[in-house]
Amino acid sequence: MNGSDGCRRIYVDNAATTKMSQTAIHAMLPYMDGIYGNPSSLHSEGQRASEALVNARERIARCLGCMAREITFTSGGSEADNQAIVSAARLGEKKGKKHIISTAFEHHAVLHTLEKLKKEGFDITLLDVHENGLITAKQVEDAIRPETCLVTVMYANNEIGTIQPIAEIGAVCRQKGVLFHTDAVQAAGHLPIDVQKQNIDMLSLSAHKFHGPKGIGVLYAKKGILLTNLIEGGAQERGNRAGTENIPAIMGLAAALEEACAHIDENAQKLIRLRDKLIAGLSEIPHSILNGDAKRRLPGNVNFCFEGIEGESLLLLLDDKGICASSGSACTSGSLDPSHVLLAIGRVHDIAHGSLRLSLSEENTEEEIDDIVKAVKEVVEYLRGISPIWRDLVSGKKEFIIK
Ligand SMILES: *Cc1c(COP(=O)(O)O)cnc(C)c1O
């Protein structure tokens, strides 16, 4: 990858967004050019767009193991999360059930929606996440009450990549008769999904996390679940979401998802090799710690904390060296609050501030991994060299937290 100045750039921020694949781009072009009709129009131009929409919905459904009518297109992962949770809450309150279970390290699209419902009188249980970044189905089972209307647990975490036991949690929910939603935005296209086998009632995904376009996502809702529409207007999406369908983006999503799912195993194998090489390299840095379980994590996710380092300085210096990384979630970067995910797994504020997330794609190479390890080592050493906190740690005035 080349920057505007022609220098080689290494993009390892794929959890924030991915580069679109050529397959996705080419699937979109005809719908921005020749086939621009509105699927609701009765003339042939409209009907061609309508046929494309039907076709895309069927292909996406096949990737998820569901029926086409169970797919609702949204503007992305955030909207899908909002709609899933609000719908379950409205269904619950009709039956007097106003308790929702989730975890402390969900994406803000989930957490902020839950906070809003809390103000309306819903009781929210946020399960503690173990230091390895995992929760268990047993924790969910123990938290379920007669008045629980929804369990929402993310499939894979966007910062530390840990993969939750989704099928087991789904089985517990099914057995107790509680709706189960999963934010699968980081998982879709990267980990296998089968909503039937995994007992999933509702699922969110977003195209730009698997080489598709931005601004388009899917909410899967099992047949029979009445969705609450967040946007009023026309009867598009079976009345679940008003607004003329974004056909080019939908075609891009379908193509990107199919492509990702067709190569899921080989991509994972390649990424795991690169990921583990990167983890091994960065582990050599003294007073560093890997965040999240070493194995039960997304094939492309690496997340470290370095003691005595400030995440933002690390990112800026890495950017100077041509490396695009992140300190955690793209949503919190820019704010100086430490990541709620790292706090949830028990990292103290000072340590959580020194975090670095590197999220790989299939396009990264072994050589790039070597370059990243070298650059991070240099930058960490440099920053520690000019840090008064580091001086106190080395002189013994302060005690190391990461041994
Ligand atoms: C990116 C992301 C979202 C938000 O998706 P958008 O399409 O950007 O709205 C939600 N949840 C997780 C886990 C994500 O990684």
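**Ligand site and domain arrangement**

In this predicted model, the ligand is surrounded by 13 residues, of which S78, D183, Q186, S206 and K209 are the closest. Sorted by class, the shell around the ligand consists of eight polar, three charged and two nonpolar residues. Helix 3, which spans residues 77-94, contributes three residues, the largest share of this shell.

The domain assignment divides the protein into two parts. Domain 1 is made up of two segments, 10-19 and 264-395, whereas domain 2 covers residues 22-262. The centres of the two domains, taken over C-alpha atoms, are separated by 28 Å.

The contact between the domains can be described by residues and by area. In terms of residues, 30 from domain 1 are in contact with 36 from domain 2. The size of an interface is often given as the accessible area lost when the parts come together. For domain 1 and domain 2, the buried area is about 2,700 Å², and carbon and sulfur atoms give 53% of it. On the domain 1 side, I264, R296 and L298 supply 26% of the area buried against domain 2, more than any other three residues.

One further position, G308, was examined individually. G308 is located in the loop that connects strand 10 (301-306) to helix 9 (311-320). When neighbours within four places in sequence are left aside, G308 is in contact with R384, S387 and W390. By comparison, L111 is 197 residues from G308 along the chain, and the C-alpha atoms of these two residues are 30 Å apart.

Technical notes. Residues are numbered from 1 along each chain as its sequence is written. This is a predicted model: local features need pLDDT of at least 70, side-chain atom pairs count only at pLDDT 80 or more; totals for chains, interfaces and linings use all residues. Side-chain values use heavy atoms; hydrogens and water are left out. A residue is near a molecule or strand if one of its heavy atoms lies within 4 Å of it. Helices (H or I, at least four residues) and strands (E, at least two) are DSSP runs, numbered from the N terminus. Ala, Val, Leu, Ile, Met, Phe, Trp, Tyr, Cys and Pro count as nonpolar, Asp, Glu, Lys and Arg as charged, and the others, Gly among them, as polar. Domain bounds come from an automatic or database domain assignment. Contact means heavy atoms within 4.5 Å. Buried area is the accessible area (1.4 Å probe) that two parts lose on being put together, summed over both.
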